[in-house]
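This report looks at how parts of one chain are arranged. Please keep the structure open while reading.

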Amino acid sequence: MASINIKLNIEKLGQLQAICKEFNNDKGELINVLHKAQHLFGYLPAEVQEVIAHELNTSAAHVYGVVTFYSFFTMTPKGEHPISICMGTACYVRGAEKVLDEFKRILKVKVGETTPDGQFSLSCLRCVGACGLAPVVLVGDKVFGRVAPDGVKDIIEEYSK
Amino acid sequence: MEMIKVTIDNKVIEVEKGTTILDAAHTVGINIPTLCYLHLHDLNITNKPAGCRVCVVEVKGRRNLAPACVTECTPGMEVSTHNIRVLNSRKTVLELILSDHPTDCLICPKSGSCDLQSLAQEMGIRQIRYEGEQSTYREDTSPAIIRDVDKCIMCRRCEMMCNDVQTVGVLSAVNRGFMAVVAPAFERNLDHSECTYCGQCVAVCPTGALTEVDHTNNVIRTLADPSKTVIVQTAPAVRAALGEEFGMEAGTLVTGKMAAALRRLGFDYVFDTDFAADLTIMEEGTELLDRITRHLKGDTTVKLPILTSCCPGWVSFFEHQFPDMLDIPSTARSPQQMFGSIAKTYFAEKLGIKRENMVVVSIMPCLAKKYECSRNEFKVDGNPDVDFAVSTRELAHLIKQANINFLELPDEDFDRPLGDSTGAAVIFGATGGVIEAATRTAYEVFTGKKLDKVDFEQLRGMEWIRRAEVDFDGFPIKIGIAHGLGNARKLLEEIRDGKADFHAIEIMACPGGCIGGGGQPLHHGDSSILKARTAALYREDAGKAIRKSHENPFIQKLYEDFLGKPCGHKSHHLLHTHYFDKSNPVEIE
Amino acid sequence: MHLLVCGGTGCRASESETIFHDLKTTIASKGLENEVQVITTGCFGFCEKGPIVKVMPDNTFYTRVTPADVTEIIEEHVIKGRKVTRLLYINPETQESVSDSKHMGFYRKQIRIALRNCGFIDPENIDEYIGRDGYQALGKCLTEMTPEQVIEMMKKSGLRGRGGGGFPAGLKWEITRASMADQKYVVCNADEGDPGAFMDRSILEGDPHSVIEAMAICGYCIDGSKGLVYIRAEYPLAIDRLKTAIGQAREYGLLGDNILGTGFSFDIELRYGAGAFVCGEETALIHSMEGLRGEPTVKPPFPSVSGYLGKPTNVNNVETFANVPVIINRGAEWFSSIGTEKSRGTKVFALAGKINNVGLIEVPMGISLREVIFEIGGGIKDGKKFKAVQTGGPSGGCLTAKHLDTPIDYDNLIAAGSMMGSGGMIVLDEDDCMVSIAKFYLDFTVEESCGKCAPCRIGNKRLIEILEKICKGNGTMEDLDNLRNLGQVIKDTSLCGLGQTSPNPVLSTMDNFYHEYLAHVVDKKCPSGQCKALLRYIIDAENCVGCTACARICPVNAISGERKGVHIVDQAVCIKCGACLEKCKFNAVFIK
């Protein structure tokens, strides 16, 4: 029987346990805990989920079931500059798909992936409510409005090292 | 109870308020098909996520169709269970499920006992109009259970069993939408999880998604090897269920036919795990009395209650979930392992053969036994005490493959010396049986008096957790019984919190005990089958000449010739074990 | 004088924070801070023309303001009293600039109840909310009315749930009140997930107190002391403003123990969604709040009877709550005088797509699509032809020219094969392919299906596969039959609202635009030229001069021809990348 050893940096582990404690180690608060944990680690690797399961007195399978249910949670690290393309209807009818294709083409990644150098990750999100600016692209927290496929290159260059 | 009138397929019926359409229809002989629904009445186990949508019916005035399994009847409700709209929807939904399901039925281990397959036949599905991409996942093989996840239909029965009944928490629905499936954490393999291999997920899986690791071919090959002496042992619960695989009524005892069949299969010696169950009582009973006596003498280091340790699912459970309590259970090995150990020492010596040339096969109602016999502590120089554990279902396959007409077989006896047992041993297969057997012996040893009546009715039944007191001649022995690991958890937590004052507790992982084990013929949600098997075991006990383990003359002889005394040096070496902390420690980098 | 700067998400994305900051510092540098106040408000709604700066009291409405315009606004308008004409809104029909918002077509037909304070007050200042009758309704309920009277008033007002289902709010409150329990919960559903709807977020960003006040009133009515707002984690601004507002309300004794000395206690906590559209369904939402997968369960039991932690729980969405204080203040009769017989009051719509005035609008129920699209929305962008409007998001359907004069209300939309939904309204023009639109929504549903029930989990997947097949030119007539049957069965058999409505975009486009489906299936053509696989790049022999540029750029060598001779595209090889079209300088390449 192989047992799974959890490896975490002691400082981060302490912070993670503090997060769980902040929510009274209540498994009903799992989603709030996951939000904070993802904020701390940038993503939710299996080790983090195992610790959370242990702290909240629930099963790792349950935590994993929840993590994989919600699109906001991710088990892969995001790029330094996470790029999100709004796929709300307003953006879609104003050409978001073509913009997305251009990002995919230039970055050579699929949706949900990160470039090998860790610079950019590509994702789609639901309406961000800036429909007046459609199509909209977010890089980190910055919103780019009325993005045309030929403007994609400039956006990437702005962030490239 | 308030009664209400409803109309189902033009029949006006009166039902209790709160009755579901499914149950109401059933009372007038209308059997609405179901798939994800599971209800074991006597055990109060229910799974109705209303996810498969096969049981939909039309309720007049309702916009969409209603799932009969969860929709309660309301006064004046008019239900149609098979009009064209309902039938078309039901068939379309079924086609959809089949469109995301492999169609390798001919070679599927579940073929013939698959609920999905039967339903497709009943509904006359002859084509799948909506073919498309199928969701595919990695197959997972563990020591006992195979997960062929492509065949999962998200009925969630296994998830319910693993979480709500067993509280093991290995399985959960993961992902969402088309890729949603039931899986262990991080979609790892079962052998990287806290799985106890109790097999209750397999027992309820309607398709071939969860099946046992099949050892029938290993057995066939071994039997054909002239250099091997092949010995078989059969667990108590098998004889009460095997007949079902041959169309016999649930609860038919087939002890004699089973022995005959095993002999015809070519086993050199047909023995009985019941013999080892009597041996278990000698060891575990002695340990119990020792702990009680020391306790009464004021020894504060003694751990009470003592917990039974016959059930490998239960052993895994406390190793994973209660690593702080490893010193409470009895150290006695399970009957399967005691048998293997004695067979490959005592009996091998008697035959004058080397242990490498002896193969022990066990027929078990259980899947955890497959895992148990693979544990390293039950091996000597890499040679396992028990080589193969095959389930009741696998035995039926072996019998069929050997062209044996099971129904026509004469009743035969087990071989000696490891085939003779008492009534106390046969009830090991039902919840409460082990502790009743132990009580029969412990009482007589403790009090020095003969029992007038060996039946302890207060220890029997299907209630999840039972508490009883047995008067040991003025000293009340407090006994706890739990079946189903979720209930075991409750008792363990009571002990941990210091709230329990039991002397002895019996725990069996499976609902109903071994008769409801993960290797038994499938009950398909009919809990009366489990009750019938239990009754059969008590019937066999009642019919036995000897009903107390310590009176088994072959057991007495074993101690005289070989073991010495119960819990003595040799027994300790051969019949006892130790437990491991299998919790996941958080390792700091 | 007040300068109102829009602080909604859309305008903030276009530097409205810098504009606010620059206005403030410039005012200060001119020593005008006592006469002129600069305030950040919630969304004005007219997102198309953002960032917006509005000057009060004269309602001057400056559009597409940039930080570079700040000095001029102050020098000209604030100091000299002359409007900066170049920043005024220009009426697209008359090409005349409009001096104030009251004369703008965008606002003229609107009645703003739920959005009453959005764009008027600083959402981070409780005093401004109180200054516009805020918390008056709560006071009135607690001191002058019994819970039964309030519920009666809500019922009489005819307010129906604005989240999509349209269940009467007063009735819901009454049922929750009637359920006996030691604790009951008021839940505000702010998990707005419809792609193309953002009204709940705008309300929370622009007027968070209206929701807090309404939740407290609801708590009083159902006899519950705990409120929970389930809000999308992707709404950071709304979360911040809501948190600020809750803090201020507690400080003022409007939340917490013994509110206004009446003995009634009520407080609110936030719970975060994590990106699952299905959590808009109330049972799924409740499971999500309990830390579980957001899978819906069968109703009954309804949350009003058994909800959060098994206790009676009243779930309403943001917009529904935002209506409540006004109803209490102005009366049920006033509210029910607006709208149609079965749909009282107003509805907020997120108007987007191929329309001139993209934005958030609030209109009386019963208004026609024509008024919304052509008067408020200013007509179709770039002078194209109106084709359809999609309402109800992934649960809704398409309405066409024949529905332009249908009064918009819950029941009429359902009768027309669509639904109100949360209020997304996407306008489509002649360039939009209806099969692709159906595919877009279904793609969303497939992505968002929880996977619990078979028809939604597998059925929607099959629907989209058929649509993809059709868009690739491989569809058959049998596929069209299968689409209809499957769609109907998914509607009939799915567990929750998501599945029960998910085929609507397909069924409604099939009803209204069957000829487009036929064109894809029979003629293998996409009339709108959107389906790439069905496009044919053709070289016009008249215009081709044989420069070979197209042949050289073609990545798959599909174009052949002699220098100075006419070139030909081999359709079997062409991958429809469009490179030849872009390269040709002689307009010889065209799409058929």
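Which residues of helix 6 of chain C meet which residues in helix 13 of chain C? C:Gln136, C:Ala137, C:Lys140 and C:Cys141 in helix 6 meet C:Pro325, C:Ile328 and C:Asn329 in helix 13; contact requires C-beta atoms, placed from the backbone, within 7 Å. By class, this contact has four nonpolar, two polar and one charged residues (Ala, Val, Leu, Ile, Met, Phe, Trp, Tyr, Cys and Pro count as nonpolar, Asp, Glu, Lys and Arg as charged, the others, Gly among them, as polar).

The model is predicted: local features need pLDDT of at least 70 and side-chain atom pairs pLDDT 80 or more, while totals for chains, interfaces and linings use all residues. Residues are numbered from 1 along each chain as its sequence is written, and chains are lettered from A and ligands numbered from 1 in the order in which they are written.

Helices (H or I, at least four residues) and strands (E, at least two) are DSSP runs, numbered from the N terminus.

| Element of chain C | Residues |
|---|---|
| Strand 12 | 359-364 |
| Strand 13 | 386-391 |
| Strand 14 | 397-400 |

Chain C also has an open sheet of five strands, in the order 12-11-15-13-14 with mixed pairing; strands pair if DSSP finds at least two bridges between them. Strands 12 and 14 stand at the edges with a single partner strand each, so one side of each has no neighbour in the sheet. Strand 13 and strand 14 of chain C pair in the antiparallel sense over four bridges. C:Gln390 stands opposite C:Cys398 in strand 14 of chain C.

Terms used:
Contact = placed C-beta atoms within 7 Å.
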